[in-house]
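Grab the viewer, try each one yourself, then check the steps.

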Amino acid sequence: MKIVVIGGTGLIGSKLVTKLTEHGHEAVAASPNTGVNTLTGEGLAEALTGAQVVVDVSNSPSFERAAVLKFFETSTGNLLAAEAAAGVGHHVAVSIVGTERMPDNGYFAAKIAQEQLIEKSGIPFSLVHSTQFFEFARGIADEGTVDGKVHMAPVLFQPIAGDDVAKAVGRTAVGAPLNGRVEIAGPEQFRMDEFFRQALAAWGDPREVVTDPHARYFGSELSERSLVPIDDAALGTIRYLDWLGTATGK
């Protein structure tokens with residue numbers, strides 16, 4: 001089948017395009033780099049011609065509250081309208097585990113708005129809620145750094161490898177629409193502070209990790225299960241230290 005991947009040249013999108021192509025599908029990488037812009041609508045109609053499925057793994061270039069909300073509302077609105085015109089039968093979007101538990105977080109609020117547009121569109125859909133990607137761990141540590149120390153809350157944390165995300169999204173894309181969500185997470189659950197203590201040691205990063213119950217995660221204070229699935233989740237198979245060894249060639 002023809003599957004258009006919005007954000008298809010990014011971290012997850014590029015992995016997804018490769019996996020879908022390996023399984024015999026016509027996977028189209030759609031992004032501004034390939035002449036498709038969901039904010040302006042440029043190239044959308046052409047890219048979606050003949051597509052059975054659209055997978056949206058695009059992301060906002062800015063995480064500022066107003067900017068990220070505008071990105072997801074505009075991009076998703078344009079995309080859904082183009083899908084309706086093209087007769088696309090399945091819209092798949094990647095979101096985040098726990099969006100509804102932290103509506104005070106600007107990025108999470110924007111993802112909630114995106115999901116609501118999808119649910120009301122009338123197009124059959126599937127939402128893949130993922131925990132944090134291994135690839136973003138260093139960015140999370142940098143965000144939590146105050147005066148040279150990494151402040152992390154002792155809450156549950158269950159990150160997942162980008163390859164495992166792409167596999168799960170690919171399975172969802174070629175399956176029947178869920179008209180609901182599936183949650184995915186990594187195979188190991190940690191305390192967030194302990195994960196980063198181990199991770200920084202593995203990186204050779206000398207920063208001290210401070211256990212701080214009030215440490216903020218991109219502006220939001222976390223509760224015990226803010227970032228992990230509450231119900232059953234599909235678990236990846238790649239463990240963080242194994243992934244890190246492969247990623248760094250160690």
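**Exercise 1: the largest cavity**

How much space lies in the largest cavity? Work out what lines it, too.

Solution. Keep in mind that this is a predicted model.

Step 1. Start with the count: there is 1 cavity of 30 Å³ or more.

Step 2. Now the volume: the largest cavity holds about 60 Å³ of space.

Step 3. You'll find Ile 140, Glu 143, Gly 144, His 151, Met 152, Ala 153, Met 192, Ala 215, Arg 216, Tyr 217, Phe 218 and Leu 222.

Step 4. Sort that lining by class, and you get 8 nonpolar, 2 polar and 2 charged residues.

**Exercise 2: the largest pocket**

Find the volume of the largest pocket, then say which element gives the largest share of its lining.

Solution. 

Step 1. The largest pocket comes out at about 880 Å³.

Step 2. Its lining runs to 39 residues, and those closest to the centre are Ser 58, Asn 59, Phe 63, Tyr 107 and Phe 136.

Step 3. Check the elements. At least two lining residues come from each of α1, β4 (90-96), α4 (106-120) and α5 (137-143). The largest share belongs to α4, with 4 residues.

**Exercise 3: α3 against α4**

How do the axes of α3 and α4 cross, and at what angle?

Solution. 

Step 1. Take helix α3 (residues 65-86) and α4: their axes come within 8 Å and cross at roughly 15°.

Step 2. Angles under 35 degrees count as roughly parallel, so α3 is roughly parallel to α4.

Step 3. As for handedness, the two helices make a right-handed crossing.

Step 4. List the contact. From α3 come Arg 65, Val 68, Leu 69, Phe 72, Glu 73, Thr 76, Gly 77 and Leu 80, and they meet Gly 106, Tyr 107, Ala 109, Ala 110, Lys 111, Ala 113, Gln 114, Leu 117 and Ile 118 of α4.

Step 5. By class, this α3 and α4 contact has 10 nonpolar, 4 polar and 3 charged residues. Notice Tyr 107: it sits in this contact and is also among the residues closest to the centre of the largest pocket.

**Exercise 4: α1 against α6**

Are α1 and α6 parallel or oblique to each other?

Solution. 

Step 1. Helix α1 (residues 11-22) packs on helix α6 (residues 162-174) at about 55°, and their axes are 9 Å apart.

Step 2. The pair is therefore oblique.

Step 3. The crossing of α1 past α6 is right-handed.

Step 4. On the α1 side, the contact uses Ile 12, Lys 15, Leu 16, Lys 19 and Leu 20; their partners in α6 include Val 165, Ala 166, Val 169 and Val 174.

Step 5. The classes in the contact of α1 with α6 are 7 nonpolar, 2 polar and 4 charged.

**Exercise 5: positive phi**

Where are Asn 179 and Phe 218, and what is phi for Asn 179 and for Phe 218?

Solution. 

Step 1. Recall the background: most residues other than glycine have a negative phi.

Step 2. Asn 179 has a positive phi, near 50°, and lies in the loop between α6 and β9 (180-185).

Step 3. Phe 218 also isn't a glycine, yet its phi is positive at about 50°. Its place is the loop between β12 and β13 (220-221).

Step 4. Link back to Exercise 1: Phe 218 is one of the residues lining the largest cavity.

Definitions and conventions:
Residues are numbered from 1 along each chain as its sequence is written. This is a predicted model: local features need pLDDT of at least 70, side-chain atom pairs count only at pLDDT 80 or more; totals for chains, interfaces and linings use all residues. Side-chain values use heavy atoms; hydrogens and water are left out. Axes are lines fitted to C-alpha atoms, for helices over the stretch in contact, and angles run from 0 to 180 degrees between N-to-C directions. Angles under 35 degrees count as roughly parallel, over 145 as roughly antiparallel, 65 to 115 as roughly perpendicular and the rest as oblique. A crossing is left-handed if the near helix is turned anticlockwise from the far one by less than a right angle, and right-handed if clockwise. Contact means heavy atoms within 4.5 Å. Ala, Val, Leu, Ile, Met, Phe, Trp, Tyr, Cys and Pro count as nonpolar, Asp, Glu, Lys and Arg as charged, and the others, Gly among them, as polar. On a 1 Å grid over the protein atoms alone, a cavity is a set of points where a 1.4 Å probe fits but cannot get out, and a pocket is an open set with protein on both sides within 12 Å along at least five of seven lines; lining residues have an atom within 4 Å of a point. Grid points are joined across faces, edges and corners, and a volume is the space filled by probe spheres set on the points.
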